Amino acid sequence: MELAQERDAGTNVIRPAGRVDGSNSADFHESLMAALSGDDNRVILDMGGIDYISSAGLRVLLLLAQHLSGNSTPFAVCSLAASVDEVFRISGFNQIITVFGTLDEAKAQLA
Amino acid sequence: MSQPWRILVVDDEPDLEPLVLQRMRRHIRSGKYEFEFAGNGLEALEKLRADDSIDLVLSDINMPQMDGLTLLSQLGSLNQDLRAVIISAYGDMGNIRTAMNRGAFDFVTKPVDFDDLQITIERTVEHLRQWREATASRDKLVTLQNELDIATNVQQSILPSDFPATAKYEISANMVAARNVGGDFYDYVSAPDDRMFATVADVSDKGIPAALFMMSSRTALKGAAIGTGSPREALVEANRVLQADNPTLMFVTVIMAVYDPHGGQVTYSSAGHDPPVVVRADGSAERLPAMGGIALGIAPENVFVMNLKEHTVTLGPGETLILYTDGVSEAMNVEHEEYGTARLLQLFAGNPPKSADEAVTAVFDAVAEFAGEAPASDDITCLALHRSATP
């Protein structure tokens, strides 16, 4: 899966795009892990380009969050599309993964 | 005719043996089941070591010499492909939890209801049959598709089929699995005072690990419902069991409701799942409030309970409660539009369902018609509980 990425003073912003479901969740996982670096002070997943995420995709986010929390690297997602935001609210994922409205808010507040 | 299923009944009460032989006589005569009996866990282990053809162990918990829980923990060392069903006192959460942790496949409660026992045995051996068939074919050809077939078999084998129906209410449900995605299941379990638990759940991901997680989820939810009597408490308990040992971070979203047919009250709670829909007697419908829970298996208990609520509504005569998975609301047509909850709420306008079965059929027909040629991308599950119009 193609990911856009920008690094700025230790902040790693990863921008996936498209649909994440059971058919590409393994690929999504691999791409995200490959986008991490040992120099990251914090990681922000900008989900603005994701229009659909299934439970298999949510599980990948959990695996990523667990991996980063093991390194004590702060992690958040931001810019959820309305449909993805609803999935986060209904599944309760907004209670276990930090969510910001915009990338600017995430950059300003994630520590 | 295939070989009879061999069932070892372990109980220190001498009354159980003649009762089982009497109540199961039809199935014994037809060659479907064969029963062996043991008076305690030690005796059972001796029989199992001497005879490797036992398929199912049905065991009481409290027995002299070796109790049922110790027996359960010893079964693994026998290296036999068998399943255990435990007979427990209703609400005995401590023992139920231990039995779940030690791999019990299912439970029946005391006093033993032989109709329920018959159904439980039926489901357990059906599960075992599909499991053995699937693992036998896996030995021949280990491919991803084959693994998915095993997962599908496991999924089908845990779905109950004899739906409860009384003069006051009835339940119906259906699950249609999408290719390559397995995860939905439904279940129901009866509770004291004629109450009935109904559950619809959706496991993340697919394949063998997800299928195994599905089995643990179903057992945990059923045991927790029996052990606690309240949907919210049951979800907390099931989360505790599932989260304790979950290195792969699988999760399951669950909507659980308990129905009291005497007053029509429905109490429900949800772990990361869409709330129920109620269809009124005039065919109008509304979505009940969300309960704020997190999917089971991933949040520690202190976080899990924080926003989790439970809610009670009354189902009037002729009204229907609908539990469903996102396979219904997120079903897509060829234009990539979603079916959506709004369409579901409009479905019965002017045409309220007169039975649970009618409601389930209408939902599946509507989703199929909407999706048209588009292949289903997720499992579709719908369970309906219909309160009779005439009390």
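Over all chains, the count comes to 28 salt bridges, where a salt bridge is a side-chain nitrogen of Lys or Arg within 4 Å of a carboxyl oxygen of Asp or Glu. This is a predicted model, in which local features need pLDDT of at least 70, side-chain atom pairs count only at pLDDT 80 or more, and totals for chains, interfaces and linings use all residues. Residues are numbered from 1 along each chain as its sequence is written, chains are lettered from A and ligands numbered from 1 in the order in which they are written, and side-chain values use heavy atoms, with hydrogens and water left out.

A few words on terms before the tour. Buried means under 20% relative accessible area, exposed means over 50%, and partly exposed is in between (1.4 Å probe, protein chains only). Helices (H or I, at least four residues) and strands (E, at least two) are DSSP runs numbered from the N terminus.

### Some of the salt bridges

| Pair | N to O distance |
|---|---|
| Glu6(A) and Arg15(A) | 3.3 Å |
| Arg132(B) and Asp81(B) | 3.5 Å |
| Asp187(B) and Arg123(B) | 3.6 Å |

Let's start in chain A. Glu6(A) is partly exposed at 32% relative accessibility, and Arg15(A) is partly exposed too, at 29%.

Over in chain B, Arg132(B) forms its salt bridge with Asp81(B). Arg132(B) sits in helix 6 (residues 114-140) of chain B and Asp81(B) in the loop between helix 4 (68-75) and strand 4 (83-89), so this pair ties together parts that are 51 residues apart in sequence. Arg132(B) is partly exposed, with a relative accessible area of 26%, and Asp81(B) is partly exposed at 32%.

Then there's the salt bridge between the side chains of Asp187(B) and Arg123(B). It links distant parts of the chain, with Asp187(B) in strand 7 (residues 184-190) of chain B and Arg123(B) in helix 6 of chain B, 64 residues apart. Are these two buried or exposed? Both Asp187(B) and Arg123(B) are buried. Elsewhere, salt bridges that share partners join Arg6(B), Glu34(B), Glu36(B), Lys47(B) and Asp51(B) into one network.

### A positive patch

Which residues gather in a patch of positive charge on the surface? They are Arg23(B), Arg25(B), Arg26(B) and Arg29(B). Patches are made of residues with over 30% relative accessible area and no salt bridge, with like charges joined within 9 Å and nonpolar side chains (Val, Leu, Ile, Met, Phe, Trp, Tyr) within 5 Å. Lys and Arg count as positive and Asp and Glu as negative, while His and the chain ends are not counted. The place of a charge is taken as NZ of Lys, CZ of Arg, CG of Asp or CD of Glu, and accessible areas come from the Shrake-Rupley method with a 1.4 Å probe, where only the protein chains shown count as cover for residues.

Helix 2 (residues 25-29) of chain B gives the largest share of the positive patch, three residues. Arg25(B) is found in helix 2, and this arginine is partly exposed, with a relative accessible area of 43%.

### Cysteines

How many disulfides does the structure hold? Zero, over all chains, a disulfide being a pair of cysteine sulfur atoms within 2.5 Å. Cys78(A) is buried at 0% relative accessible area, and Cys382(B) is buried at 0%.

Most residues other than glycine have a negative phi, and most peptide bonds are trans. Ala9(A) has a positive phi of about 45° although it is not a glycine. This alanine is in the loop between strand 1 (3-8) and strand 2 (11-20) of chain A and is exposed, at 73%. His336(B) also has a positive phi, near 65°. You'll find His336(B) in the loop between helix 11 (326-329) and helix 12 (340-346) of chain B, exposed at 63% relative accessibility.

There's a cis peptide bond as well, joining Lys110(B) and Pro111(B), with omega about -5°. Pro111(B) is in the loop between strand 5 (106-110) and helix 6 of chain B.

### Two distances in chain B

Val9(B) lies in strand 1 (residues 5-10) of chain B and is buried, at 1% relative accessibility. Val9(B) and Phe35(B) are 26 residues apart in sequence and 7.0 Å apart in space, C-alpha to C-alpha.

Pro247(B) is in the loop between helix 9 (231-244) and strand 9 (252-260) of chain B and is exposed at 62%. Pro247(B) and Asp194(B) are 53 residues apart in sequence and 38 Å apart in space, C-alpha to C-alpha.
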